[in-house]
Amino acid sequence: MFSCDDYDQDVFVDRPAALAKMRAWADTAAVERRVMPLVAPPGGGKSWILKNLEQGWNSAGDRFVVYMDVPSLVDLDKNGSALIKMDGLEKWLQEVEAAAAQRYSIQSISRVPQLQAILSEFARLICDCNPVKDPIILVDGYDELSEAQAEVFSSQILKPLHERDCIRLIIAHRPECNVKGDSLRTNQHDPKLFLHELDPLSPKFALDQFKRLFQKARPRQTPPELSAWMTELKHYKWNHPLANCFFFKLGMNSSWAKLTGQDLKDGCKRIIERPDNTGRLRFPLHDDGFKMLHRIANELPDQWSQDPFQETLNIPNMNIDATYQALYKVGAIIISPDIPPFYQICDGLRDLLREFELP
Amino acid sequence: MEEKNIRGNFIKKIGLNHDPFETPVAEQELTRVQDRFYSYFSVPLASSSQEGLLRRLRRPQPSFVFGNPGSGKSTLRLTLDADCRTVLDGTLAINYMLGEDIERPLSYEEHGTRLARALTIDLTLAIIEQFSPLHPPTSNQIESLKRQILTGGRQLQRLLRTLLEKMTPPEESDMNPVWGISQAWKIIGKAPTKYVGASKELENVLRELILPNQRDNLSWGDFWYGISVAQEWGFKRFLILADGVDARQRTPDAMLGLIAPLLDIIPSLEEKNIYPKMFLPVEIKSRVKDYLETHLKGLPFEVFFSIMEWDDAAMRRLLAQRFRAAMSGSGPYHAGLDSLATPNLNLDEKLINAAEGSPRRLLGIVSNLIDIHLARDPDSIQFNQKDWDICQQKLEMDAAIRSN
């Protein structure tokens with residue numbers, strides 16, 4: 001049928017505000033800060049935006065753009081220097097060098113044991129060619145790294161690429177993930193680009209998404225009218241791209257049977273845990289965590305502050321409660337930038353959690 | 001020791017992996033927290049131009065940043081130094097500290113002596129940090145650096161010997177995965193800014209630079225030679241980051257007298273792509289401007305002046321960044337102390353008001369508040385009105401003592 005994870009230009013639904021901002025930043029001749037954080041909750045469309053940007057810039061042909069899939073370069077079960085998968089990195093380097101050689105007159109780089117030296121040299125060679133438009137590296141999957149892993153990855157991979165002033169980075173990550181590496185942090189564009197704020201999703205987006213998915217799966221058929229099926233859900237506003245895709249697929253396979261509580265629970269877990277194509281859960285969440293999340297969605301308002309939360313859930317201190325902390329780690333809870341801050345479950349997920357009961 | 005444990009336990013209980021309020025003086029903090037120092041940096045209110053302060057300070061022009069004690073001048077200087085070391089454009093930052101060992105204004109010659117050593121240290125560090133085994137140095141580069149390294153002093157030699165020990169054998173797997181061999185920078189009072197790997201090529205260079213017979217009688221000649229060595233190694237632009245002017249003497253005359261020989265040579269420095277970046281007490285701002293206009297006969301070049309100022313929003317960001325930098329992992333971070341206080345105490349607002357625009361004062365008050373709270377109730381992680389009342393009394397007493 002179609003995959004809800006693999007990028008497909010045919011089913012990409014336009015995110016006009018976000019794309020316009022990214023392109024405007026990329027096209028600005030001299031920027032003070034060369035790291036652009038692209039932020040959205042889990043399943044919010046970050047990877048899709050990056051792929052769309054890559055495709056667009058490659059088609060236009062006037063900018064050297066490189067896509068970096070972080071999980072393919074690391075062993076997520078390892079730490080320290082063992083984190084970096086040398087074969088994965090070598091494969092990526094070869095592809096990038098080949099792409100660069102088509103555009104710039106540069107030699108391939110001798111391989112030495114210090115990979116930072118190779119990456120620094122690559123950045124230097126590119127910048128010495130004085131590109132008309134700054135090359136951009138699109139960094140995806142950074143938030144799958146733990147804090148310690150992110151420190152190493154930033155230090156050994158991203159910082160060497162960033163140290164020459166012609167190269168820019170767009171780093172996609174969840175709201176509660178911080179990009180590590182002080183030189184990257186102080187060079188981050190402010191404000192960050194929050195995808196879900198720029199292009200808040202709507203039922204119209206969902207319908208557009210559905211039509212494209214249906215045409216991909218059943219190109220000879222006319223998409224059915226979905227309004228009645230969609231409005232059977234009382235809280236969910238069809239504003240989560242990954243959830244939409246998951247439920248549309250379920251609907252197509254079940255001839256639009258009403259979504260059950262189990263379907264909705266599975267959808268929520270899918271959004272949070274994001275199994276990869278081997279079934280590995282990228283962001284595993286224990287049952288206790290899921291139960292707490294469900295309680296929060298159903299017993300607290302859309303946004304809450306510390307004291308009502310602690311009182312309602314009978315937790316003495318939310319800041320050191322391990323189950324609550326885990327909800328941040330998987331990106332299910334975000335903090336508003338207000339002072340004092342408010343907390344919320346990310347849009348879409350919160351409303352889905354209100355659609356079903358847990359035993 | 002027990003007090004330290006109580007405070008340490010408190011810090012852990014509120015989800016932090018170290019105490020970000022322990023030492024609010026930049027240079028002491030650099031020594032204490034080392035590789036976490038730069039994660040504390042928060043942007044003050046820039047008093048001029050929309051361009052970020054760091055970018056503006058990297059421009060090839062003399063620059064003067066003024067501020068009260070504790071306003072973040074040294075933190076800004078250190079962050080600028082780190083920026084020059086991590087965003088590479090051929091700039092060498094030379095940290096020039098006019099410290100407490102200076103009993104009287106320095107002569108022009110004495111400045112030359114001190115600058116020569118400062119240059120050698122920062123040049124050597126930069127060469128090691130930017131070293132690439134893909135481009136081993138030429139024999140000319142090595143020979144010129146060997147001559148210059150004789151002016152680097154015994155601490156630099158100690159660093160080089162330590163690096164060689166770390167690199168023999170050059171087992172990358174034993175290296176700190178975030179910093180590599182640059183963890184050793186603390187020997188010369190610096191913090192690491194990037195990963196520096198070991199290699200046979202670097203090891204060979206370092207061996208050439210171990211020269212025990214250090215020279216003590218340095219001069220401007222050594223500084224200028226050092227500049228030519230730096231140029232040989234690819235550096236094109238030089239920033240002299242001068243700081244610590246008020247470390248010993250705080251009268252405007254004494255402070256101005258200390259830096260006057262440097263102000264006099266700004267035009268000749270600029271001819272050689274050398275630009276002073278001075279971090280100075282706000283008391284001498286108009287004196288410096290007048291001096292430049294009088295002695296340099298109407299500034300023939302553009303000079304950048306800035307004042308370190310912190311409004312409430314900037315102070316709140318500073319507090320939030322302290323917490324964020326000290327967090328154990330991803331998760332809710334305290335944006336300030338309000339999340340650790342009884343409801344409606346408005347503790348952050350009280351703290352920021354009491355700090356009167358000084359980051360150092362703010363951090364010091366927070367540190368005192370923690371101690372006051374723990375003395376009252378070591379097992380609780382919630383600040384209350386009583387804690388603040390005691391803190392406020394202490395602040396009033398301190399103010400009374402100062403005014404007497």
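Student: In this predicted model, what do the buried residues of α5(A) pack against?

Tutor: In chain A, the buried residues of α5(A) pack against α4 (86-103) and α6 (147-162).

Student: What makes α5(A) enclosed by the rest of the structure?

Tutor: Burial requires 20 or more other C-beta atoms within 10 Å of a residue's own, and 10 of the 14 residues of α5(A) are buried, so this helix is largely enclosed by the rest of the structure. Among the buried residues of α5(A) are A:L115, A:I118, A:F122 and A:I126, and A:Q116 and A:R124 are also on that list.

Student: How do you know that the span of helix α5 of chain A agrees with its number of residues?

Tutor: Helix α5 of chain A covers residues 115-128, and at 1.5 Å a residue its 14 residues should span 20 Å; because its end C-alpha atoms are 20 Å apart, the two values agree. After α5(A) comes A:N130, with a positive phi near 50°.

Student: Why are the buried residues of α13(A) said to line one face of the helix?

Tutor: The buried residues of α13(A) are A:G289, A:F290, A:M292, A:L293, A:I296 and A:A297. Viewed down the axis of α13(A), these buried residues fall within an arc of 160°, so they line one face. On the other side of α13(A), A:D287, A:D288, A:K291 and A:E299 are exposed. The cover over the buried residues of α13(A) includes, from chain A, α12 (261-273), α15 (322-329), β7 (343-345) and α16 (349-353).

Student: How do you know whether A:W238 is buried or exposed?

Tutor: The cut-off for burial is 20 or more C-beta neighbours within 10 Å, and A:W238 has 24 inside 10 Å, so A:W238 counts as buried. A:W238 sits in the loop between α10 (227-230) and α11 (241-253) of chain A, and its phi is positive, about 55°, although A:W238 is not a glycine.

Student: And what makes B:N346 count as it does, with its 13 C-beta neighbours?

Tutor: A residue is exposed at 12 or fewer neighbours and buried at 20 or more; since B:N346 has 13 inside 10 Å, B:N346 counts as partly exposed. B:N346 lies in the loop between α13 (312-325) and α14 (347-355) of chain B, and B:N346 too is not a glycine, yet has a positive phi of about 50°.

Student: Which residues have the most contacts inside the largest nonpolar core?

Tutor: The largest nonpolar core has 156 residues, and A:L138, A:V139, A:I170 and B:I94 have the most contacts inside this core. Helix α5 of chain B (residues 108-129) gives the most to this core, with 10 residues. Setting aside neighbours within four places in sequence, the contacts of A:I170 include A:M22, A:M36, A:I136 and A:L138. A second, separate core of 40 residues includes A:L213, A:F247, A:L327 and A:L353.

Student: How many residues does each chain bring to the contact?

Tutor: Chain A brings 40 residues to the contact and chain B brings 41. α4(B) gives the most to the side of chain B that touches chain A, with three residues. The residues on that side of chain B divide into 17 nonpolar, 15 polar and nine charged.

Conventions
Residues are numbered from 1 along each chain as its sequence is written. Chains are lettered from A and ligands numbered from 1 in the order in which they are written. This is a predicted model: local features need pLDDT of at least 70, side-chain atom pairs count only at pLDDT 80 or more; totals for chains, interfaces and linings use all residues. Two residues are in contact if their C-beta atoms, placed from the backbone, lie within 7 Å. Helices (H or I, at least four residues) and strands (E, at least two) are DSSP runs, numbered from the N terminus. Ala, Val, Leu, Ile, Met, Phe, Trp, Tyr, Cys and Pro count as nonpolar, Asp, Glu, Lys and Arg as charged, and the others, Gly among them, as polar. The arc is that of the directions from the helix axis to the C-beta atoms. The expected span of a helix is 1.5 Å times one less than its number of residues. A nonpolar core is a set of buried Ala, Val, Leu, Ile, Met, Phe, Trp, Tyr and Cys residues joined through C-beta atoms within 7 Å.
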